[in-house]
Amino acid sequence: KKKRKQFESFPGSYRLQTRKPVLMATNDYESVLKMLEEITTNARQIQEQLLDEILRKNAETEYLQGFLHDQTDKQLFKKNVPIVTYDHIKPYIDRIANGKASSDILLVEPLIGFSLSSGTSGGQPKLIPITAESVNVTAALGNLHLSLMIKHFGDLSQVGKRMELLFAKPDVETPCGLKASAVTTRAFKESSFQAILPKLYTSPYETIFCPDTKQSTYCQLLFGLIQRDEVVVIGSIFAATVLRGIKFIENNWRELCSNIRTGKISDWITDSGCRKAASLILKPNPKWADLLEDICSCKSWEGIVRKLWPRTKYIGTVCTGAMLQFTAELEFYSGGLPLVSGFYACSEGAIAINLEPLSKPSDVSYTILPNTVYYEFLPIKEDCVTDSQNQVQLHTSRHKDTETVDLVNVKPGQCYEILVTSPTGLYRYRVGDIIKVTGFHNNTPQFQFVGRQNVALGVDMERISEADILKAVAEAKALLEPLGLILTEYTSYGDTSSAPGHYVIFWEIKPKKDNKNKNGKELDPKVMEQCCSKMEDSLHFTYRMYRKENIIAALEIRVVKQGAFEALLDYFVSNGASLSQYKTPICIKTKEALNILDSRVIAKFFSPRTPIQDN
C-alpha cells in the first residue's frame, strides 16, 4: 500500500517542487537528480497515473464529453478520442481566447494565459493554453538542467555571470482578457527570474524587453564585453542566435570598442530603457577598449569566444536538429568550448533533458520526462537509418491505421512521431516532431530529434523530409572545407514555376579567414556543381528515379550574399516571431520570404548530371 501511495502522488508531488526559485543552492542538485532517477525508473506507473489524473479531472469538459461520455478508461480513450493536429483543436482554443476562458471547453483548471509559438517551424503561430501548474512544470525543467550543469561544471552561479542573448516579445491580449506570450517572455517576467537577473546575467532587464532587436542585441553584447571578466557561460536558446551574436560583434567591434573607450553609447541607440541601463554600466575605459581592439583586429577569428570571454566554461544552446547546421561554424569561433544542448522543449510542454551535456551535438540523446505529459508514439513504417557521420536519415511513409505505442514500449532504432496528452487541454495531439529512439535510461526512452513531420519538399509525387535535406547538405558542404569556406545558413523550396519542377537550395557562404572571396563571387563553379550533384546523390531512391526520368529537373544551389539570412530573420521577427525562439526554416513556405532571398542571390549553380542510381 505504501508503494502504491507513492506512485499515486508522484507526479503531483514532483510538480510541487517546481515552485522553488530558479536560483538553486549547490547542495540541492543531488536531490533533484535523485528525483530524476526515481521518475525514470517508475515511468510506467507515472504515465498511467498521469493519464488517469488528466481524464478524471477533465472528463466533463465539452471536448472529452463528446468522445468519452464521462468515462475515464484508458482503452476507451485510445479508441474514441481522435489523434489531432492543431488545426483540429484551433476552433476550441479560439472560442476560449474570444471570451470563454472560464468555461470547461478543453480543461477544468483555470487558464492564466496562452503560450505563443514562433510560427517558424510550421507556418502560423499557435496558441497553447497554459495554467499555473504548467508554468511550474516548465520551471522544473530549468531546475533539472541547472542540477546537471552543477554536476558537470560546478556551481558557476557562485563564480560568475551568464552572457546570454535573451529577447522578449510584447504580449498579445486576447478578447477574453488573457495574454498570449512566448514561453521565454513569460519566464523573463517571472519575479524569481527578475530577482536573480542582476546577479547571474550580464543583460539588464531593459535590454531584454527592448522592442528593437538590433538595439537589444547591440546593448546586450556591449554589456557582455564590459563584464567579460565575470562571464563563465555564453548562450542563447538556439545555436543560430549565438552565432548571430558573434557575427554581430565581428561586424561592429570598432563601434562597440569606441563606446567602451568614451563611456558613451552610440546615438542610434534611442530606446530609453537601453540608454538608462547604459548610464549605469558604461564608464570610460580606454584600457579595456584597447585590449578588445587587439583581440578583435586579429587576422583570424578562430577561437574568438575564448579570447573575448576567457573564463567561459561552455556555450549553452540547442545544437541538435535543425540547429546542427550551425555547429561547424560555432565550433570554429568557440575554440574548443563544449556546446551544451541542455533540453528538448516546445510550446506544448517540457519533453526531455540531456543527461550527458558534454556529448557532441551529433551524439546527443534526450531522456524523456515521464511526469510532464502523457505520451503516445506513432511508428514510422520505415526505420530511420544512421549514416557514417552519425546523422539520422529518414524516409517517412504514412502511419495510416497504425496503433500508437506507449512510452515504455518503444523500440530502440525505430522512428516515431510524438503525441501528447497534457494537463493543459491537449488530447492525443500531434506535436509534429519525428524522433529516433536510441536506448533507455532506467525505464524511460532516450531519443535523437530527426525532423518535423510537416516539413517536406516536393515538386511532383515525391516528398523529401527535413532529415533528408539535413543529410544531403551535410554531405555536400564537406566539399567546401578544402577551399577554406564555411556554409553558414541554408534553406530550400520546391520551384514549380516551370516544368519540370526542381529543388532550390539557398546557401550563405563565408570564408574561414579574410580573403577576396568575401561574398562567394569567386566560387569555383566546378566545386559548386559537385555540391549540387552530391546533394542529389544523397537523396532517396524515388527522387533519384524521378530525376533519371526527367520528372524532376536538376537541383539548383543559389548562393546569397552575406546578411541575406539576417534579412530573413528580420522579416519573421517583424511578423511576430520571437527572436529567442526563431529557427531558420528548413523549407521556405511564403512568397515574401522567398523574395527576400531571391533578391540577394549572387550566383546560381545546377547539378550537371543525373544522380547515381542504386545497383
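The model is predicted, so local features require pLDDT of at least 70 and side-chain atom pairs pLDDT 80 or more, while totals for chains, interfaces and linings use all residues. Residues are numbered from 1 along each chain as its sequence is written, and side-chain values use heavy atoms, without hydrogens or water.

Begin by colouring the chain by pLDDT, the predictor's confidence in each residue, from 0 to 100. The mean for the protein chain is 86, and 88% of its residues reach 70 or more. Select residues 1-26, where pLDDT stays under 50. Where pLDDT is low, the predicted coordinates should not be read in detail.

Next, select helix 20, residues 564-574; helices (H or I, at least four residues) and strands (E, at least two) are DSSP runs, numbered from the N terminus. Of its 11 residues, 8 are buried, that is, under 20% relative accessible area with a 1.4 Å probe, protein chains only. Among them are Phe 565, Tyr 571 and Phe 572. The elements covering the buried residues include helix 11 (213-226) and strand 22 (502-511).

Now display Phe 572, buried with a relative accessible area of 15%, together with Tyr 582, buried at 0%. Their ring centres lie 5.8 Å apart and their planes at 45 degrees, so the pair is tilted. Rings of Phe, Tyr and Trp (its six-membered ring) pair if their centres lie within 6.5 Å; planes under 30 degrees apart count as stacked, over 60 as edge-to-face and the rest as tilted. Tyr 582 lies in the loop between helix 20 and helix 21.

Finally, select Tyr 63, Phe 67, Tyr 92 and Tyr 427, which form one aromatic cluster.

Conventions: Buried < 20%, exposed > 50% of the residue type's maximum accessible area, 1.4 Å probe, protein only. Contact = heavy atoms within 4.5 Å.
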